[in-house]
Amino acid sequence: MALMKWGLGRQKFRLLKRSSLLLKLLAIVLAVLLFCEFFIYHLVISRCNWPELKTAVHGGGQEPVLRAMFLADTHLLGEIRGHWLDKLRREWQMERAFQTALWWLQPEVVFILGDIFDEGKWSSSQAWADDVQRFQKMFRHPNHVQLKVVVGNHDIGFHYQMNRYLVKRFEKVFNSERLFSWKGVNFVMVNSVALEGDGCDICSRAEAELIEISHKLNCSQKVQGSGQCGGGQQLPLSAPVLLQHYPLYRTSDANCSGEDAAPPEEKIIPFVEKYDVLSREASQKLLWWFQPRLVLSGHTHSACEVLHPGGVPELSVPSFSWRNRNNPSFIMGSLTSRDYALSKCFLPFEDTVLTMYSGAAGFLVVLILAHFECLASPFLLGWNLLRTHRTR
């Protein structure tokens, strides 16, 4: 009888020991998942701060400061090239990063500089609707935050692929707004895919719209009602910020620097006009029409700062997705009608997250081996073999 009780007690002890192991494993797995999929975004993005701006005082009052976020090249995967695991992983990363940035930084406006989708240029109507629905879920935002989107070549195709249907489909979802003014700051949003300069119908219409906007901005610099400006609504007295997908013309990224610049082997590759960057002619037109104080672009997936003729700075915004780079980021801008300041906010590095998962997996293996008393066996076996060899 006593022997049976002892056997039952030992069996219960083993069950408790196994239950304890399962609880430990479950706790570790949950802790790692919560940190890598939620808390790491808060830990990293909470350290980002809006750049300080020496706000000038005009007319007896302080100018309002507009807080704007700029990101680019989200490349939401479609049904053709998008593996379900790739879509799940990278889209979760972008959603968590964007929602966390909204929570911590509370921007007033967010600009996405093109290539929202990866397959917009050839997706079917149903696939397009599905992709748009996913985008709206990932980049949901409060009503007081405005989201503005610039078209990219993956959204409507390169010049030889785009057509009226694709352009209209995009504009139906994201509006066809080209000029946006808020808190005394003018933003011009350019369809850079249509600046081919070959006189195509879409290109001609795009250029006509930009010329009209240029006329309005020039008139805002004059006394209302003077000359040919008429008595229409005046725009803020401020040089515009130019937003587009393609960068203005530059020969390559050879002069770009920083940890999120293109890799050294890619920097020296010459850019192709109308494919990697805008043509010289189109770039000169934009600089001449608008005389911008700042240009922000995407497309290259890497960061670069360029100073164009006339002292116009351009900043290429890196991709927001782990699919395109290990260290995504976005730009934070504090802007007034006369001044601006920019800073960069990096997202969690993908290799950091993968390293943490690998480390956790290794720790779980060690824990399981230690529990079943298997961890020391190889070492003891080697020691015994060594002793046996010596005695001979």
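Me: Why is Gln244 called buried?
Reply: Buried means under 20% relative accessible area, exposed over 50%, partly exposed in between, with a 1.4 Å probe and protein chains only. Gln244 has a relative accessible area of 0%, so Gln244 is buried. The model is predicted: local features need pLDDT of at least 70, side-chain atom pairs count only at pLDDT 80 or more, and totals for chains, interfaces and linings use all residues. Residues are numbered from 1 along each chain as its sequence is written, and side-chain values use heavy atoms, leaving out hydrogens and water.

Me: What makes Gln244 and Tyr246 a polar contact?
Reply: A polar contact is a pair of N or O atoms within 3.5 Å; within protein, one must be able to donate a hydrogen and the other to accept it, and residues adjacent in sequence count only if both atoms are side-chain atoms. A polar side-chain atom of Gln244 lies 2.8 Å from the backbone oxygen of Tyr246.

Me: Which residues is Gln244 in contact with, leaving aside neighbours within four places in sequence?
Reply: Contact means heavy atoms within 4.5 Å. Among them are Leu113, Val150, Ser192, Leu286 and Gly298.

Me: What makes Arg89 and Glu37 a salt bridge?
Reply: The term needs a side-chain nitrogen of Lys or Arg within 4 Å of a carboxyl oxygen of Asp or Glu. Here the closest N and O atoms are 3.0 Å apart. Arg89 lies in helix α2 and Glu37 in helix α1, so the pair ties together parts 52 residues apart in sequence. Helices (H or I, at least four residues) and strands (E, at least two) are DSSP runs, numbered from the N terminus.

Me: Why is Glu37 called buried?
Reply: Its relative accessible area is 10%, so Glu37 is buried.

Me: Which residue does Lys344 meet in a salt bridge?
Reply: Asp260, at 2.7 Å, N to O. Lys344 is in strand β13 and Asp260 in the loop between β8 and α7, 84 residues apart.
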